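Work through the exercises below with the sequence and the model open. Each task is followed by a solution in steps.

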Amino acid sequence: GDREAFDRLFRLLQEPLYRYIFSLVGARAPAEDVLQEGFILIYRKIRWLREPELLRPWAYRIATREAFKHLKRERRWADKIEDEAVLVDLPAPSRDELAPEMIAQLVAQLVERLSPASRAVIVLHYLHEMPLAEIAEVMGVAVGTVKSRLAYGLDLMRRQLTLKQ
């Protein structure tokens, strides 16, 4: 019920949650909308959080659910990659052109084309440096499921890079 404490939490979580949501929905305005919806839910339900150390995974879980709801509404999840041949249209830079910024751009393109579930796991693990157990908490799934989504996403990205070379 402490407004000042919530404002501190908001400032602490705002930037990392926004970056995470943006990586899932892929556009600024929808990411801002999803973040706002997420913070409204956090504000309404925070009194039910009994273990303060679980705030981060709890907030990410809310953000994940809101982002997935948005994607479902937008039907962007429907183009889930089921065949790596869909990825062939990515530009294939030569080995000489692979500057660090190009590598980052290529990886971002590959991650963007993953299913939302695999994309969320990869972003949380590599960009937000969450351990697999915490990602399982965020996603509301077993650790084994997180591992398989991570392996599937990385394998799909590896195969695409192999096709390009």
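The exercises go from the whole chain to single residues and then to a pocket.

**Exercise 1. The chain as a whole**

Task: State how many helices and strands the chain has, and find what share of its residues is buried.

Solution. 
- Step 1. The model is predicted, and its mean pLDDT is 82, with 80% of the residues at 70 or more.
- Step 2. The chain holds seven helices and zero strands. Read from the N terminus, the order of elements is α-α-α-α-α-α-α.
- Step 3. Of the 165 residues, 36% are buried.
- Step 4. Among contacts with a separation of 6 or more, 68% are between residues 24 or more positions apart.

**Exercise 2. A stretch to read with care**

Task: Find how many contacts beyond four places in sequence the model has for residues 80–88, and say how the coordinates should be read where pLDDT is low.

Solution. 
- Step 1. Over residues 80–88 the pLDDT stays under 50.
- Step 2. The model has 17 contacts beyond four places in sequence for residues 80–88.

**Exercise 3. Arg56 and Glu134**

Task: Which residues does Arg56 touch, not counting those up to four places away in sequence, and what distance does the polar contact between the side chains of Arg56 and Glu134 have?

Solution. 
- Step 1. Arg56 is in helix α3, residues 55–74, and Glu134 is in helix α6.
- Step 2. List the contacts. Arg56 touches His128, Glu129, Met130 and Glu134 when residues up to four places away are set aside. With the neighbours within four places left out, Glu134 is in contact with Arg56 and Pro57.
- Step 3. Take the side chains. Those of Arg56 and Glu134 are joined by a polar contact of 3.4 Å.
- Step 4. Compare with the cut-off. Glu134 counts as buried because its relative accessibility is 18%, and buried means under 20%. Arg56, with a relative accessible area of 32%, is partly exposed.
- Step 5. Just after α6, Gly140 has a positive phi of about 70°.
- Step 6. Arg56 and Leu17 are 39 residues apart along the chain, and their C-alpha atoms are separated by 9.6 Å.

**Exercise 4. Glu129**

Solution. 
- Step 1. Glu129 is in the loop between α5 and α6.
- Step 2. Its relative accessible area is 66%, so Glu129 is exposed.
- Step 3. The phi of Glu129 is positive, about 55°, although the residue is not a glycine.

**Exercise 5. The largest pocket and Ser23**

Task: Which residues lie nearest the centre of the largest pocket, and which helices each supply at least two residues of its lining?

Solution. 
- Step 1. The largest pocket has a volume of about 330 Å³.
- Step 2. Its lining has 17 residues, and Ser23, Ala108, Val111, Val123 and Leu127 lie nearest the centre.
- Step 3. At least two lining residues come from each of α1 (3–25), α4 (100–112), α5 (116–127) and α7 (143–164).
- Step 4. By type, the lining has 12 nonpolar, two polar and three charged residues.
- Step 5. Ser23 is in helix α1 and is partly exposed, at 21% relative accessible area.
- Step 6. Beyond four places in sequence, Ser23 is in contact with Arg119 and Val123.
- Step 7. The side chain of Ser23 reaches the backbone oxygen of Tyr20 at 2.6 Å.

Definitions and conventions
Residues are numbered from 1 along each chain as its sequence is written. Side-chain values use heavy atoms; hydrogens and water are left out. Helices (H or I, at least four residues) and strands (E, at least two) are DSSP runs, numbered from the N terminus. Buried means under 20% relative accessible area, exposed over 50%, partly exposed in between (1.4 Å probe, protein chains only). Contact means heavy atoms within 4.5 Å. A polar contact is a pair of N or O atoms within 3.5 Å; within protein, one must be able to donate a hydrogen and the other to accept it, and residues adjacent in sequence count only if both atoms are side-chain atoms. On a 1 Å grid over the protein atoms alone, a cavity is a set of points where a 1.4 Å probe fits but cannot get out, and a pocket is an open set with protein on both sides within 12 Å along at least five of seven lines; lining residues have an atom within 4 Å of a point. Grid points are joined across faces, edges and corners, and a volume is the space filled by probe spheres set on the points. Ala, Val, Leu, Ile, Met, Phe, Trp, Tyr, Cys and Pro count as nonpolar, Asp, Glu, Lys and Arg as charged, and the others, Gly among them, as polar. pLDDT is the predictor's confidence in each residue, from 0 to 100.
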